[in-house]
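I opened this notebook to record what I looked up in one protein model. The entries follow the order in which I consulted the structure.

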Amino acid sequence: MIDHFTVLHKGGKVLWQKSLVKITGNPINQLIKTVLLEDRGGDSTFTHDSYRLQWLLANEFELVFVVVYQKIIQLLYAEQLLSQVKDAFCTMFQAELSQTTLLFAKFEGFDAAFTRILAGLEASLGGAGPPARRTSPPPGLPSGEPAPPAKGERRQSPKAILAQELEARSAENQNQTQGQPEAEASGKVARKGTLEERLKALGKGSRRDHGSKVTGPKESK
């Protein structure tokens, strides 16, 4: 996305301009003073603060077409935009540009043509910016690429897939929790049976002890 576009005369007069985003400072003035007035013919880009300026000359009318955008991005359609705007502007205002002086010339009504050119380039070539970096998948998801959806099936977002997996894990944990009381109850029954068997065994041994006659050593006469 661009921030600003300007059409100016080499002498410094701005003929037409449009700002899509408010820019800080005055990078156009810096371009005029630093580059254009010094006649750096080999240059076509200029960086000032956080902006990158790219321009194209129309030597037959001594015009400069300048696009301004953030220097951290790569504007994919900068050259096409400059070329198409140059052709459209010079064709639309050929009579005004052919005058001996541009002091009183009016360059109005170009906004619609510019908007149409910009929208067409953005639609055909995409936006601007560095390629998106791959991010790690959300926790719990496999690191590999998801399988392509079947024909007619919509691909689920990673967030939806994660929500389904968390729901499945919650159901599994709940089943395990419900199974624990049953296991504990079975263990108690088993322990109770073992205890009863031991008590019965002890009871039998006690009765045998009481039923037997205890004899001691005979006293000597």
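The entries below go from the overall makeup to the sheet, the cores and the confidence.

**Entry 1. Ground rules.** I noted that this is a predicted model, in which local features need pLDDT of at least 70 and side-chain atom pairs count only at pLDDT 80 or more, while totals for chains, interfaces and linings use all residues. I also noted that residues are numbered from 1 along each chain as its sequence is written, and that side-chain values use heavy atoms, with hydrogens and water left out.

**Entry 2. Overall makeup.** I looked up the secondary structure and found five helices and five strands. Here helices (H or I, at least four residues) and strands (E, at least two) are DSSP runs, numbered from the N terminus. Read from that end, the elements run β-β-α-β-β-β-α-α-α-α. I then looked up burial, where buried means under 20% relative accessible area, exposed over 50% and partly exposed in between (1.4 Å probe, protein chains only). Of the 221 residues in the protein, 26% are buried.

**Entry 3. The sheet.** In what order do the strands form the open sheet? I read the order as β2-β1-β5-β4-β3, with antiparallel pairing; two strands pair if DSSP finds at least two bridges between them. β2 and β3 (45-48) stand at the edges with a single partner strand each, so one side of each has no neighbour in the sheet. The twist averages 20° from one strand to the next.

**Entry 4. Strand partners.** I followed β1 to its two partners. It is joined to β2 by five bridges and to β5 by six. Valine 7 stands opposite tryptophan 16 in β2, and threonine 6 has valine 66 of β5 as its bridge partner. Four residues lie between the strands in the hairpin of β1 and β2, where glycine 12 takes a positive phi near 110°. I found β1 mostly covered, with five of its six residues buried. Further along the sheet, eight bridges join β4 (residues 51-58) to β5, and leucine 53 stands opposite valine 68.

**Entry 5. The cores.** A nonpolar core is a set of buried Ala, Val, Leu, Ile, Met, Phe, Trp, Tyr and Cys residues joined through side-chain atoms within 4.5 Å. Which residues have the most contacts inside the largest core? I listed Phe5, Phe65, Leu81, Phe89 and Leu97, in a core of 31 residues. At least two residues of this core come from each of β1 (4-9), β2 (14-19), β5 (63-70), α2 (78-92) and α4 (111-125). The most comes from α2, with six residues. Apart from this core lies another, of 14 residues, among them Leu8, Ile28, Ile32 and Val66.

I then examined phenylalanine 5, taking contact as heavy atoms within 4.5 Å. Leaving aside its neighbours within four places in sequence, its contacts include Trp16, Phe65, Leu81, Val85 and Phe114.

**Entry 6. Confidence.** I checked pLDDT, the predictor's confidence in each residue, from 0 to 100. The mean for the protein is 75, and 59% of the residues reach 70 or more. Confidence is highest in α2, at a mean of 96, and lowest in helix α5 (residues 158-211), at 60. The pLDDT is below 50 over residues 129-138, a stretch with nine contacts in the model beyond near neighbours in sequence. It is also below 50 over residues 212-217, where I found zero such contacts.

Note on methods
Axes are lines fitted to C-alpha atoms, for helices over the stretch in contact, and angles run from 0 to 180 degrees between N-to-C directions.
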